[in-house]
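I opened a new page for this protein. My plan is to look up a few spots and note what I find.

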Amino acid sequence: MARSKTSPQRSGKRKPEPPPPTWDENLINKLMPWRVEIAGVLVFILSFVTFLALPGWTSAGLLNAWTNLLRQTFGWGAYPLTLSAAALGLHVALRKVERPYTIHVTQVIGFELILLTALPLSHQFTHSALPDAYLGKGGGLVGWALSEPLRDFFGSFLTSLFYLILLAYGLALVASYGWDDLLQSLNTLSLRLRLWSQRMAPVEAAAAAAAETEMAPVTAVTAPPPDDDLLIINDTAKPPAPRRRDKRLPPIDLLEKSGVVSMSKDEIDAKKQIIERTLADFRLPAEVTEIRRGPAVTQFGLLPGYVEKIGPDGRPKQQKVRIGQIASLQRDLALALAVTRLRIQAPVPGRGVVGIEVPNAEVNVVRLRPIIESEAFRKLKSPLAAGLGRDVSGTPIAVDLAKLPHLLVAGTTGSGKSVCINAIISCLIFNNTPEQLNLVMIDPKKVELIRWNGVPHLIGKVEVEADRAVGVLRWLTAEMDRRYEMFTQVGARNLNGYNRKIARHKDVKKLPYIAVFIDELADLMHTYPGDVERTLTRLAQMARATGIHLMVATQRPSTDVITGLIKANFPARLSFAVASSTDSRVILDMVGADQLLGRGDMLFLSPDASAPLRIQGVFTNDVEIERIVNHWRTIMPDFEIPTPWDSLIARHALLDETDSMLEQAIEIVQKQDYVSTSFLQRRLRVGYPRAARIMEHLYEMGLVEDPKAGGKTRRTFVNEESEDPLGDFLENREE
């Protein structure tokens, strides 16, 4: 880098300067960047003039010959052909303008197919001969050539039927009406016909429905006849009809369906009797009044009974069994039921029973597809909706990450923590385009999240180094501050308000949501505890309004990893199986997570809930993830978001190598014409040796002149107009 503002010219013979460009060369150079737009304007003008000349509204010698040729070749098709050419020219001329429409390749193919089928059809219906085609009647020579050979070989009827089918297919392509839409329309039509038939003949329809119910296979548990008060919850609800999805999003067929594992009546009766008999042995009468069958556990709703005790007056008195007495028998019930772990929820929120959650003999795998298709997921109507799994009654559970707004996940190795993160990521990129949502991923373990490399939603790549992860968090805080400044300029409070206000400005792009996933927090906290805690806390406190949401996971929920400051700013917690009750208290502020079964069994504590909800988590296998990733790579192969935090990481690395106050010294130098070491010492309030080292760094960067013999001040080579001298130095050093 140069040490002075001016450098001496090299001696030697100078090359002759080229002559200045002429006016025509200047004009050509100015028009070259617009050559495509100029060609589009010329095509539009030529097509529009041709369209006016076809009906004879304007005429000229060469123009008449051109229109006669078009009419003779295409017949009436010359009119839509010239109009489409004019539209194409206008589309090309406005290529640098953000268009309010989107044209797909399939729509262009559909339009061409409509034109090529309508020409022979018009020739068929008008019974035009070859002399008529020469006169421009019907579909012209093209229509005659496409119709006459097929008619001679197949006949008029089959030829017309063939072209009508092609015409319908072309209309479907133009309207972006695919096979899924056709099946949905047929399902809707059949449903309406069924409702109409039920209104026309309600008695016969009811009889048919009853017969269909008798013949249908039973997949849920039905209540045994003797116990009239026993309520068994059916966990197999009929999924609603699928909604229409954006064409760019992955199809629902990429996800696998889930089966239903039924629970036999004998197994229910046996466990019910064991629970009631065990409590009776301890003189605690109770009755199982409801059973909720979930994917991994079954919750037996227990209604405490009454015991007879002698009152102060010596008379017998009925006293209700305390739920604390039932909860204290957790180990005895687990021994009687021959299960490894058993959880008692006393009482169940919203219901007047004590919940005894017993593990099932067979675990039903919860797939992502039924959760996305469920009504609970659709009711959220949020781009950040994510499916968690099914609760103890089999009800689908979905959450809106925008309302959490950040999620803290804990669990031991193999408990399902990483599977849950992959399921949430799958939900987000399954329902959002890269323009709506961006992803930032940090995976110090280097094995779990790297499979998402290559999806267009991902900013850069998955970061696996701890020092770069700190730079990512610093960039997120800078991005958060930048977004708040943009909100202030338009008077918006949050991301949705900003995007709504700039929607009328076509030259301003909408800001996407940013979902941040950190798979192992403990490794970062042990390496950079101060920086990680400070940046995470600031993001958790302020990033919600800017559309930045955090999902942080750790397998060691100890107090040195999940500090009080981090925990206070993550109101939503999700705990899988942990090693001890102490870890459960750290993550949930209560025990219970140490009694989970593992393999997706979790407790979810939402910010507005008083007690955690037990859920069997969604399982997404490697095949489903590969399908989703390959779909996006196929749809958008060249779309890649560059890594924006490289310069920030390089800047902090340079400051760590040199001095953390170097940026402040550069700001001082920009405002002064001459500086000295003592001047920096006074302004930065540091000792003379440190100020001298900072001066040497400024000299190496080319911001001050060479030291002069006997002189204490140095002339500066930057001013306040220089935007980022430190960034320029980093770029030059890389080159």
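First, a term: a polar contact is a pair of N or O atoms within 3.5 Å; within protein, one must be able to donate a hydrogen and the other to accept it, and residues adjacent in sequence count only if both atoms are side-chain atoms.

I note that this is a predicted model, where local features need pLDDT of at least 70, side-chain atom pairs count only at pLDDT 80 or more, and totals for chains, interfaces and linings use all residues. Residues are numbered from 1 along each chain as its sequence is written, and side-chain values use heavy atoms, with hydrogens and water left out.

**Entry: His-406**

I found His-406 in the loop between strand 9 (396-400) and strand 10 (407-410). Strands (E, at least two residues) and helices (H or I, at least four) are DSSP runs, numbered from the N terminus. Is His-406 buried or exposed? His-406 is buried, with a relative accessible area of 0%. Buried means under 20%, exposed over 50%, partly exposed in between (1.4 Å probe, protein chains only).

I then checked the polar atoms. The side chain of His-406 has a polar atom 3.4 Å from the backbone oxygen of Ala-540. This side chain also reaches the backbone nitrogen of Leu-550, at 3.0 Å.

**Entry: confidence**

I looked up pLDDT, the predictor's confidence in each residue, from 0 to 100. The protein averages 79. Among its elements, helix 10 (residues 202-215) has the lowest mean, 40. Strand 12 (residues 513-518) has the highest, 95.

**Entry: helix 11**

I saw that Arg-283, which follows helix 11, has a positive phi, near 60 degrees. Buried residues in helix 11 include Ile-268, Lys-272 and Leu-279.
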